[in-house]
Amino acid sequence: GPVSPQHHELTSLFECPVCFDYVLPPILQCQAGHLVCNQCRQKLSCCPTCRGALTPSIRNLAMEKVASAVLFPCKYATTGCSLTLHHTEKPEHEDICEYRPYSCPCPGASCKWQGSLEAVMSHLMHAHKSITTLQGEDIVFLATDINLPGAVDWVMMQSCFGHHFMLVLEKQEKYEGHQQFFAIVLLIGTRKQAENFAYRLELNGNRRRLTWEATPRSIHDGVAAAIMNSDCLVFDTAIAHLFADNGNLGINVTISTCCP
């Protein structure tokens with residue numbers, strides 16, 4: 001509900017004078033009783049309020065008790081999150097808050113871009129020009145040179161139903177010398193939007209067929225967790241060779257909308 005004025009006054013007591021984030025337990029104070037958050041404290045040589053010594057560390061147990069009785073706003077309150085949380089629940093929620101900025105969905109951690117959902121597509125068009133986009137709900141994702149050594153990833157976009165989907169194929173060495181392929185579809189959209197779709201990946205050839213069907217993941221969640229839990233199409237090098245043609249692997253991708 002709406003935060004009462006008294007409650008707001010309480011949370012404002014916990015504002016760090018340097019970064020304006022909240023000072024949360026363990027709460028340390030200077031000799032004169034001023035607070036500074038633990039991140040800032042590590043970078044400071046004296047108290048930002050009175051210039052007094054920050055060491056030795058004195059814990060402020062009374063303020064810690066108050067902090068545990070107060071609900072703090074999510075750090076994405078400014079972009080629309082209305083949740084208030086116990087300080088122990090804040091970090092966990094903020095990691096998955098739907099109002100946090102989106103990161104670049106390209107696999108591999110080389111691109112550090114962050115921004116709003118609306119800005120993701122133009123970022124991809126400008127910064128990752130090499131990604132091909134195919135139109136239609138039923139396409140073939142052709143991964144070339146799948147025999148390249150080491151960890152490699154292939155990415156392309158599929159545009160249908162007024163949305164953009166990102167197709168990712170990753171080759172990783174999960175166990176010593178044992179390489180596996182992971183294929184997955186992400187929606188450039190929210191988790192709620194992703195629930196309206198289903199995707200099917202299919203390897204076809206030489207009278208064999210391998211199929212995986214699932215709900216696309218939102219780019220807010222990314223691929224790392226899905227790959228770690230094998231919640232995607234997983235196959236090893238031997239299977240890849242059964243379906244590949246001259247080191248090129250075609251994956252049929254079909255996106256469909258779920259019943260409203």
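1. In this predicted model, Tyr22 and Phe72 are both buried. Their rings form an aromatic pair with centres 5.0 Å apart and planes at 55°, so the pair is tilted. Tyr22 belongs to the loop between helix H1 (5–12) and strand E1 (28–29), while Phe72 sits in strand E3 (residues 72–73); the pair therefore ties together parts that are 50 residues apart in sequence.

2. A second pair to note is that of Phe165 and Phe197, which is edge-to-face, with 5.1 Å from centre to centre and 85° between the planes. Phe165 is part of strand E10 (residues 163–175) and Phe197 of strand E12 (residues 197–205), so this contact ties together parts that are 32 residues apart in sequence. Phe165 and Phe197 are each buried.

3. The structure holds six aromatic pairs in total. Ring pairs also link Tyr22 and Phe72 with Phe14 into a cluster.

4. The peptide bond joining Pro25 and Pro26 is cis, with omega about -5°. Pro26 lies in the loop between H1 and E1, the loop in which Tyr22 is also found.

5. Arg51 has a phi of about 65° and is located in the loop between helix H2 (38–41) and strand E2 (58–59). Its relative accessibility is 61%, so Arg51 counts as exposed.

6. Asn206, likewise not a glycine, has a positive phi of about 50°. Asn206 occupies the loop between E12 and strand E13 (208–214); because its relative accessibility is 55%, Asn206 counts as exposed.

Definitions and conventions. Residues are numbered from 1 along each chain as its sequence is written. This is a predicted model: local features need pLDDT of at least 70, side-chain atom pairs count only at pLDDT 80 or more; totals for chains, interfaces and linings use all residues. Side-chain values use heavy atoms; hydrogens and water are left out. Rings of Phe, Tyr and Trp (its six-membered ring) pair if their centres lie within 6.5 Å; planes under 30 degrees apart count as stacked, over 60 as edge-to-face and the rest as tilted. Helices (H or I, at least four residues) and strands (E, at least two) are DSSP runs, numbered from the N terminus. Buried means under 20% relative accessible area, exposed over 50%, partly exposed in between (1.4 Å probe, protein chains only).
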